[in-house]
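Let's take a walk through this protein together. Keep the sequence and the 3D view open as you read.

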Amino acid sequence: EVLPCDRMELSQRLAVEELITTEASYVHNIQLCVSDIRAHLQKKQLPELDLEGLFSNTNDILHVSRRFLKGLEATAGSGQEQLLCISTLFQEFKEEMETVYKVYCASYDHALQLVESYRRDPRLQEEILDTLNATVPHTGASDLSFFLVMPVQRVTKYPLLLGKILENTPSSASAHSALEAAARAMAQVNANINEYKRRREVVESTKYNKAEHLTLRDRLARLNTHSIAKKTTRLSRLLMHEAGIVAKTEDKEYDDLEEKFQCVASSVATLKENMASYLGHLEAFLLPTPHQSDLQVDEGPAQQYRRLSERLQSAVFPEFCTLPRVWHPMCPQGMLVGGPRQLVKKRLDKLLDYEEIQERKSEMGSVSYDEEAAMNTYLAINDLLVAELPQFNQVAVQLLEQILRSFSSLQLDLAAQVLHQAEKELEQLPHGHMPLPSFWKVVEDSLQQSGAQLRAFCQAFETVTPSPGAQPLTPAEERKVLSLVSKHGPDKLYQVTSNISGSKDLDLTLLRGQIVALLQGADTKGNTSRWLVDAGGPRGFVPAAKLRPYSPVQVQQPGMQLLTLDSGTERRRHSYASPEAPRPQVATFTPTFQVVAGFSFAARSPQEVTLQAGQPVVVLEPHDKKGSTEWSLVEVNGQRGYVPSSYLVTVPVQDPAGWSLPV
């Protein structure tokens, strides 16, 4: 007959053996999952399979479990000494276990969703079954969930195994208190894992995890009585914080973490902008290929630069294309910053709700279920940020440092290659041996000289006008010039040398070639650089530098009767009739205008003449034999005939001989 004490000792020994043997079996299965199943699927190179989402951090779990199993096997012995070693081992590994298992358990639901989605795809399901049959046929597993659930089951079983050992250990035993402490520690590990998973579920919900880009219409559609009241309460609470009416909840640990995170996020954004700008400039720098142009110049600096450019384009510049590789890590990192930033913003909103509910709870003694849930949501977000922001900040800073180091090293190497290739050619250039300050002085002087020449050219081009032509004005323009002459005299006439755009009150806007009459050689303040002129109707001020004296030339067109002072009723009806009586004649002035064909015109009868667009013409009569102004009698290349008046336009004379380059 087995005594009770012996039965308890036997059960204790069996429980210890169960702990060690099940741990060994568990490690073996995790080893199969990582080394065989995952590796086999990875070799298939199926882009639809998300291996990271499926297996999460099983590599880390395997690493911790191997060391833990080695420690268990080393406790082989008898009695209380083995139990003390097992208790101590759990105490030593509790933090590592919590770290690796909480990550896996938090992503376990996502892994199951992936397995379910792959099960609905016959091709993927067939590939997964083929992998299981090829790697672990003895297990009889029908899908990956058979292995994926093992870490979740194992971490929850540790308190049960320790409890079973504790049940069969007398309270008077020396290892009893150590076993109790180990059991409580593993129970706390499971509680912490569940709490971490709950926080992640709150944070990873669509409402808090994603930065939504909503249009104004979408935002307005979301407004309702509840949301408006909630936002109003938050805003009033925030204003009371700023005004000092109510105390703001202080959390020094979180404030320091948020400040560092904002600094990291700002650094990421700045580096991305600078890198994008650099790559844009690099692309523009590599675009020109002067070595491909055939320079019609003798041997000298230009040909030396051409050879240098060809050598750099073929040997060095292609390696600059490796610089954008530094940019690639920035893209995912820039995207990852958005999640924590959105969570930090939500944390502030929930903090305002939390403070409001806390006040109500202190006054009334209780709150509703929804208010309690809102308080728990704030606590979950705050705890998660405090727990994970340090890791995020650390990893982000390390990545930024690696990117900057890589970029600096790569840029330095490429610059050294360029200098090495250019060293021989630079020695042969005229300024190759000149000290750097002297070289920059030469460059500055050259640029200043070229700028002065360019400004002189622009100024001369604006002020020099074409020489007057001999093309008569249109009747309306003639009447305007005659009116100015009769009012002010021919010595007061001036011609506009370039377009004038009035920018002040009483300033005129005039076109190049217009005729004006001078009224006063200064403005109301005595400034002689602005003249008061009469433009044949409007009067105002114009820059004196854009006016030149205009001298009308008296000419008489052969075969054409000159205009009379009263031409409305005595104008002849056609160009071939002789005048019945002599009429007083007035001068016709020849300004800097000419008449050209605005459109091409094909003659349809002997009385018409053919025109080409842009062809200069001489207007003999601005009407036909019946006096209709729809047709005009013109002379083109020695031929006379009628053309539509609407086909003719008056333009300023563009005489290339009228201006010259500055000396």
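**A guided tour**

At 18% relative accessibility, Val 202 counts as buried, where buried means under 20% relative accessible area, exposed over 50% and partly exposed in between, with a 1.4 Å probe and protein chains only. You will find Val 202 in helix α8. Its C-alpha is 9.9 Å from that of Leu 384, although 182 residues separate Val 202 and Leu 384 in sequence.

Before going on, a word on what you are looking at. This is a predicted model, in which local features need pLDDT of at least 70 and side-chain atom pairs count only at pLDDT 80 or more, while totals for chains, interfaces and linings use all residues. Residues are numbered from 1 along each chain as its sequence is written, and side-chain values use heavy atoms, with hydrogens and water left out.

Now for the overall picture. The protein has 18 helices and 10 strands; helices (H or I, at least four residues) and strands (E, at least two) are DSSP runs, numbered from the N terminus. Of its 663 residues, 36% count as buried. Contact here means heavy atoms within 4.5 Å. Among contacts between residues at least 6 apart in sequence, 68% join residues at least 24 apart.

Back in helix α8, which spans residues 176-203, look at His 176. Is His 176 buried or exposed? With a relative accessible area of 14%, His 176 is buried. Leaving aside residues up to four places away in sequence, His 176 touches Leu 166, Thr 169, Pro 170 and Ser 171.

Next, turn to helix α4, residues 80-119, which holds Leu 114. Leu 114 has 13% relative accessibility and so counts as buried. Not counting residues up to four places away in sequence, its contacts are Asp 50, Gly 53 and Leu 54. Leu 49 is 65 residues from Leu 114 in sequence, with 8.5 Å between their C-alpha atoms.

Helix α4 also packs against other helices. Two packed helices are described by the angle between their axes and the distance between the axes. Axes are lines fitted to C-alpha atoms, for helices over the stretch in contact, and angles run from 0 to 180 degrees between N-to-C directions.

How do α4 and α7 cross? The axes of α4 and helix α7 (residues 150-167) come within 9 Å and cross at roughly 155 degrees. That makes α4 roughly antiparallel to α7; angles under 35 degrees count as roughly parallel, over 145 as roughly antiparallel, 65 to 115 as roughly perpendicular and the rest as oblique. From α4, the contact uses Leu 83, Ile 86, Phe 90, Met 97, Tyr 101, Tyr 104, Cys 105 and Tyr 108, and from α7 it uses Pro 151, Val 152, Arg 154, Val 155, Tyr 158, Leu 162 and Ile 165. By class, this contact of α4 with α7 has 14 nonpolar, no polar and one charged residues. For these classes, Ala, Val, Leu, Ile, Met, Phe, Trp, Tyr, Cys and Pro count as nonpolar, Asp, Glu, Lys and Arg as charged, and the others, Gly among them, as polar.

Helix α3 (residues 58-74) packs with α4 too, at an angle of about 170 degrees and with the axes 10 Å apart. The two helices α3 and α4 are therefore roughly antiparallel to each other. Among the residues that meet are Ile 61, Val 64, Phe 68 and Leu 72 in α3, and Leu 89, Phe 93, Met 97 and Val 100 in α4. The contact of α3 with α4 has 12 nonpolar, three polar and three charged residues.

Some loops deserve a stop as well. Ser 56, in the loop between α2 (51-55) and α3, has a positive phi of about 45 degrees although it is not a glycine. At 18% relative accessibility, Ser 56 is buried. Asn 637 sits in the loop between β8 (631-636) and β9 (639-644), and its phi is also positive, near 55 degrees. Asn 637 counts as exposed, at 69% relative accessibility. Asn 637 is one of the residues touched by Gln 615, which lies in the loop between β6 (593-597) and β7 (616-621). Gln 615 is buried, with a relative accessible area of 16%.

Finally, the cysteines. How many disulfides does a search of the whole structure find? The search finds zero, a disulfide being a pair of cysteine sulfur atoms within 2.5 Å. Cys 85 is partly exposed at 34% relative accessible area, and Cys 263 is partly exposed at 49%.
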